[in-house]
Amino acid sequence: MAGEHTGFDGPVRERDLSRDRSPWHEECGIFGIYAPGKDVARLTYYGLFALQHRGQESAGIAVADGHHIAVHKGMGLVAEVFNQDNLQALKGNLAIGHVRYSTTGASSLVNAQPLVFRYLRGMVAIAHNGNLTNAGRLRQQLGATGSIFQSSTDSEVIVNLIARYSQEPIEAALRRCQDELEGAYSLVVMTEEKLIGVRDPFGVRPLCLGKMGEAWVLASESCALDTVGADFCRDIEPGEIVVIDSQGVRSIQGRRSPHSAHCIFEYVYFARPDSILDGETVNLVRRELGRNLAREYQVAADVVIPVPDSGIAAAAGYAEAAGLPFIEGLMKNRYVGRTFIQPTQEMRDLGVRLKLNPIKSILKDKRVIIIDDSIVRGTTSRRIVEMLRQAGVREVHLLVASPPVFHPCYYGIDTSARGELIAAQYSLEDIRRHVGADSLYYLSLEGLFSSVSRGAENFCAACFSGRYPIPIPSAEEASKYSLEG
């Protein structure tokens, strides 16, 4: 191919799509527990295991005993960072934990969380999921008045704001912080005696509350509550501050926007299918995505197969609505991590083959519909189509259970630039040719919103629509490494 092609947003200059770097990564997972008399470090360890899909770069646990906060953190998966000895050393009545994929700041131990610090009122630990859109400006303002930063993560901006309001109780300081912070943030904050959960005024990133006997638990997703044996109570409301201590649980309604803006991509891909987010069961939403995809596109085929695991529910929904057999045509090696978090493109390409293997005997000579949750850069999709061709598949029809991703996310998902999003640069036909499918179809934006029970006005779908509910930073501020200087 040569010359110009008309993409979704007008003429673009063609380039080698196979060179695109991966723009999407997980966010972070946060967990907190108030459980005097229990092994809170080990329970947090289990909770982080349940949230491992949200971050695989670093993990950390901080524990408070009423007088002191101890922390252990490191680079790698939860099972690589923690062992019997360092868990036993973390004694206390309450704890918070964090698994990270960096969206602001480099992947390094200094940026691993929880962040623990001393200020006028004692010790505080914080774990953050999301991304502050005004972190650069706040950091400059704080630095001009004497604040010192040891990391390059936007979470440390929150730490310094808390210290600025140290004359007030911690919950009042956090309420003051809400007036200055912009962007997405779900927080678990811990003092020597209190556990606090905070959600941004739009509720972009998830956070829920659970109860386990006399113990209380906060987590990014309800699947972590299930893992530690806690009952799901409710989601933390946008702008809400929940304080848990010896007196029980109390709620402070902080700053709130006129409407919520829950991230709809959580339902498409990020969240575990067994989680409940803001009243929506993720698995049921994904099945409905597949059903709506079948209502929009009926394709002549013999079988429907998913891209495991995030495409399974949508593929089942499509097959049910289309009246076609659903089979698991690709087997997944579950000891291999998600391919796009490998450090190089070469490793990502190898990772696809390590992770997925077609079952040739049931696919040979078949017309196959393959359902994926999304296409971001197209490289993984192309490798999968190639594998299916090599397995003897007669026709490959790729259907995507979400709309084309045209725009980067600034609220806690690692997207570098719009130029790295394949749908923003190329036409549907160019993308189809690139991935090598016989046909390619995306779910419409209307089909996406009709898959959830709440109205479209309650969700952020900016990655699809370009309508950002929160002011976005400048190109320089939006860089993942903007705070490195």
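This is a predicted model: local features need pLDDT of at least 70, side-chain atom pairs count only at pLDDT 80 or more; totals for chains, interfaces and linings use all residues.

1. A pair of aromatic rings is described by the distance of the centres and the angle of the planes, and with ring centres required to lie within 6.5 Å, the count comes to 12 aromatic pairs.

2. One of these pairs is formed by phenylalanine 265 and phenylalanine 464, whose ring centres are 5.9 Å apart and whose planes make an angle of 35°, which gives a tilted arrangement.

3. Tyrosine 411 lies in the loop between β23 (395-400) and α14 (422-425), while tyrosine 468 lies in the loop between α17 and α18 (475-478), so the pair ties together parts of the chain that are 57 residues apart in sequence. Are these two tyrosines buried or exposed? Tyrosine 411 is buried, with a relative accessible area of 1%, whereas tyrosine 468, at 24%, is partly exposed.

4. Elsewhere, ring pairs join Tyr45, Tyr46, Phe49 and Phe82 into a cluster. Charged side chains also meet aromatic rings: arginine 139 lies over the face of phenylalanine 149, at 4.4 Å from the ring centre, and the charged end of lysine 211 sits over the ring of tryptophan 216, at 5.0 Å from its centre.

5. Strands of a sheet pair through backbone hydrogen bonds, either parallel or antiparallel. In this model, 6 strands make up an open sheet in the order β7-β8-β9-β10-β14-β15, with antiparallel pairing. The edges are taken by β7 (115-119) and β15 (248-253), each of which has a single partner strand, so one side of each is left without a neighbour in the sheet. On average, and with direction ignored, neighbouring strands of this sheet are turned by 20° against each other.

6. Within that sheet, strand β8 (residues 122-132) and strand β9 (residues 183-190) pair in the antiparallel sense over 8 bridges, and leucine 132 has glycine 183 in β9 as its bridge partner. Helix α5 (residues 155-164) packs on the sheet, where it touches β7, β8 and β9, and its direction makes about 20° with that of β7.

7. Proline 36 is found in the loop between β3 (28-34) and α1 (40-50), and it is partly exposed, with a relative accessible area of 46%. Its C-alpha atom is 9.9 Å from that of aspartate 245, although proline 36 and aspartate 245 are 209 residues apart in sequence.

8. Does the length of helix α13 (residues 379-390) agree or disagree with its number of residues? At 1.5 Å a residue, its 12 residues should span 16 Å, and because the end C-alpha atoms are 17 Å apart, the two values agree. The buried residues of α13 are Thr379, Ser381, Arg382, Arg383, Ile384, Val385, Met387 and Leu388. After α13 comes glycine 392, whose phi is positive, near 95°.

Conventions
Residues are numbered from 1 along each chain as its sequence is written. Side-chain values use heavy atoms; hydrogens and water are left out. Rings of Phe, Tyr and Trp (its six-membered ring) pair if their centres lie within 6.5 Å; planes under 30 degrees apart count as stacked, over 60 as edge-to-face and the rest as tilted. Helices (H or I, at least four residues) and strands (E, at least two) are DSSP runs, numbered from the N terminus. Buried means under 20% relative accessible area, exposed over 50%, partly exposed in between (1.4 Å probe, protein chains only). A charge sits over a ring if NZ of Lys or CZ of Arg is within 6 Å of the ring centre and within 35 degrees of the ring normal. Two strands pair if DSSP finds at least two bridges between them. Axes are lines fitted to C-alpha atoms, for helices over the stretch in contact, and angles run from 0 to 180 degrees between N-to-C directions. Contact means heavy atoms within 4.5 Å. The expected span of a helix is 1.5 Å times one less than its number of residues.
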